Structure formats: structure tokens, C-alpha cells
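Colleague: I am new to reading protein models and would like to learn how to go through one feature by feature. Could we take a single model and talk it through slowly?

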Amino acid sequence: MTLNLFSHAKLGSISLSNRIVMAPLTRNRAGEGGVPQPINVTYYEQRATAGLIITEATPISAMAHGYPLLPGIYTDAQVAGWKKITEAVHAKGGKIVLQIWHVGRISHPSLLPDNALPVAPSAIKPAGQAFTYQGLVDYVEPRALAADELPGIVADYVHATRSALDAGFDGVEIHAANGYLLDQFLRDGTNQRTDDYGGSFENRARLLMQVTEAVVAVAGADKVGVRLSPVNPFNDMKDSNPQALFNYVAESLNRFGLAYLHVVEGGIHGGGESEPFDFSAMRKLFKGGYIANLAYDKARGNAAIASGHADAVAYGVPFIANPDLVERFKADAPLNDADASTFYGGAEKGYTDYPFLKA
Ligand code: PHB
């Protein structure tokens, strides 16, 4: 029998009732202190028929923040808030993993403790502007992390993972994509270090491998995924040889036996015109589950699964506007259009008020 989006799947220890995954989506609607609110519970609960929900990217420490109103995963109150979400999703038969995040240089002192400078592999200022509580403000030159600070960052990932397990998540996804901290180490446009964390592929991938090893030691490899975005230019990112770099990264991750690799197959935020990249070649090097993401529709999702390219497909914007995306795909029903003006911040409008097919 040919597999499709509606087939059951297993990613590590996580059983999926279908292969339609909700992609991680920043929505900027957490409460005071980065604590998930009742409205966030409703939002995720509405989408629990996804085979797997990957939460919005979630800062692992106060220094990991880069946008207003993000939920965190490092205080007891945050854990208690997330627990209500995992319980609601599980009660509906869904599965949910937490995406753990450090933004690195994509931040601003006004978002950080004591107006600290954002941290990064190298002191290279991103082009563009940060979203702050005061509006858009030019990015600043970040501070290059000293090598002896990196064990502290790994420890923050470990603490976040423990907190995620305490909150009842089915696993965690390590965010190593889209120009945030771990991706800043991987790509040479942002990493010009001359120590053990810069230069060769091995050196640039070292922090990701150390984080993965530490997270796997806490959660078990069968509950851990990693997300990469080899050619996404978003956040002023580039690399001199992405195919060789990310082939190396995919192969190097094999040693952990992860639940899955999740790949953004292009550029996000309208940056769709990324340079050519052979995702199929990279996928074949990875011995484990693969979640494909970016601009898939139902037909292309089914084709990716039938061909063996992907084990599951992550849908982002379609899940914003269609809490019952699985039902709609099944029925070949029309999809609601997403309203981009309500993606970030606000309350129910554009968040929990998109209509279901059946009331
Ligand atoms: C965003 O807020 O635009 C954003 C956050 C996390 C990502 C990508 C984009 O991985």
C-alpha cells in the first residue's frame, strides 16, 4: 500500500495518527513572564488533530529571547502554563513537541536582562531591524561568545529539555534553523571564529552536536528532533557551501539515532528564491525520520511521502487559518485564507477564531 498524509507514522517513540504536522509558528501571544495563557491552550487544542504539533519556537533562557511576548521554558510558571497545553492536546488524542530556541544575534538589548548585548558566534551585526516593545529598531552588533561560555548555553538547553519533559511534552525539537544561534554557528556568513567552534564543518557544527548530545542524554534520542534550513536567507544568513555543509551536518547527526530531522526546504518570509540545493541528496544521508517543510500543499505532501522523500510534512500558514486542516485535506474541502496582519501579537482575532468546517 502506498503511504500518504493520512497514514500512521512513528518518529522515534512518537506515534502519529497522520503525517500532517503543524510547523512551529511564532505568534507573540504569551502572557507576563513568558507564561502560556488560556488563549494559547485553546489555540493548540483546536489544532490537536495534527499528527504532531511542533510548538512555536520557545526561548530556553532570558538571554535567548528576541521578540516581544514569547513563551519561555525556563521558569516554574512557564512549565505550569505549558502543562495545561500538553494536557489539552493529549486529551484530544494529539501529540506535541516543544521547539527549544536561542535567538543569538536576532535580538535587541531592550528584550534582554539588564539591557545586555545579544550574543553570537562572531560580532557581526545583522542587516535589518529587531521587533521590540518600542517598535522596529536597528539591530546592534552582538557580542561574540567566549568558548568558555558555551557549556552554559548547553546547560540552558538541558534545563529547557527537563522543563519540557516536566510539562508533559512528547519530545523536543532543537531549533538549528532560520538564522538563530545554532544556525549562526553553522553558516560561515555569521561564524568567523578561529577557535574550535569556527572554520571547518566539524568546528562549526560542534555546538549543535554538543547541544544535541546533551539534550539526547536527558530526553532519549527517540524524543528529539532537529530543525535545519540550509539555504534560508532570512535573518541575513548565508554560507559559502551550503550543500557540503548540510550534507555533513545530516550525516553527523546519524550518530544520535534521533526521532527526526525537520528541514525548511527554501527561504521563509517571502525569501522563497533561495539558491539551489538538493534536499533529496541531503535527506538520503540522514538515517532516520524526515519532516519536510515549506509551501507544500496536499498533493505535493502526498507525493513527498509516496516517493519516500519525507515521512511527514509540516504545514505552517495553512494551520494558522485552518485548525482542522487534517479534516479539510481528508474532505478535499476549501481552506480558509490566513490574515497576515494578525500573525504576530494581539488576541483571539486571527488566532483562535478561524472557523472549523463543522461547528
Ligand atoms: C519569526 O518570528 O519570524 C520567526 C521565528 C522563528 C523562526 C522563523 C521565523 O524559526
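This is a predicted model: local features need pLDDT of at least 70, side-chain atom pairs count only at pLDDT 80 or more; totals for chains, interfaces and linings use all residues.

Colleague: Which residues have the most contacts inside the largest nonpolar core?

Modeller: In soluble globular proteins, nonpolar side chains tend to be buried together. A nonpolar core is a set of buried Ala, Val, Leu, Ile, Met, Phe, Trp, Tyr and Cys residues joined through side-chain atoms within 4.5 Å, where buried means under 20% relative accessible area, exposed means over 50%, and partly exposed lies in between (1.4 Å probe, protein chains only). Here the largest core has 85 residues, and those with the most contacts inside it are Ile100, Leu208, Leu228, Val249 and Leu253. Its largest share, eight residues, comes from helix 6 (residues 206–219); helices (H or I, at least four residues) and strands (E, at least two) are DSSP runs, numbered from the N terminus. A second, separate core of 14 residues includes Leu11, Ile14, Leu16 and Ile54.

Colleague: What is leucine 253 in contact with, beyond its neighbours within four places in sequence?

Modeller: Contact means heavy atoms within 4.5 Å, and on that basis leucine 253 meets Met209, Thr212, Val226, Leu228, Leu258, Leu261 and Phe286. Not counting residues up to four places away in sequence, threonine 212 touches Ile174, Val226, Leu253, Phe256 and Leu258. The C-alpha atoms of threonine 212 and tyrosine 157 are separated by 9.0 Å, although the two residues are 55 residues apart along the chain.

Colleague: Which residues of helix 3 are buried?

Modeller: They are Leu150, Ile153, Val154, Tyr157, Val158, Ala160, Thr161, Ser163 and Ala164, and what covers them includes helix 2 (76–91), strand 5, strand 10 (171–175), helix 4 and helix 6. Helix 3 (residues 150–166) has 17 residues and reaches 24 Å from its first C-alpha to its last, close to the 24 Å expected.

Colleague: How many residues line the largest pocket?

Modeller: On a 1 Å grid over the protein atoms alone, a pocket is an open set of points where a 1.4 Å probe fits, with protein on both sides within 12 Å along at least five of seven lines, and lining residues have an atom within 4 Å of a point. The largest pocket is lined by 41 residues, of which Pro24, Leu25, Ile268, His269 and Tyr344 lie nearest its centre, and it holds about 930 Å³ of space. A volume is the space filled by probe spheres set on the points, which are joined across faces, edges and corners. The largest share of this lining, three residues, comes from helix 10. The second largest pocket has a volume of about 230 Å³, and among its 17 lining residues the closest to its centre are Gly34, His65, Leu69, Leu70 and Tyr133.

Colleague: Is aspartate 114 buried or exposed?

Modeller: Aspartate 114 counts as exposed, because its relative accessibility is 80%. Most residues other than glycine have a negative phi. Aspartate 114, however, has a positive phi of about 55° and lies in the loop between strand 5 and strand 6 (119–120). Aspartate 332 also has a positive phi, of about 50°, and is found in the segment after helix 11 (325–331).

Notes: Residues are numbered from 1 along each chain as its sequence is written. Side-chain values use heavy atoms; hydrogens and water are left out. The expected span of a helix is 1.5 Å times one less than its number of residues.
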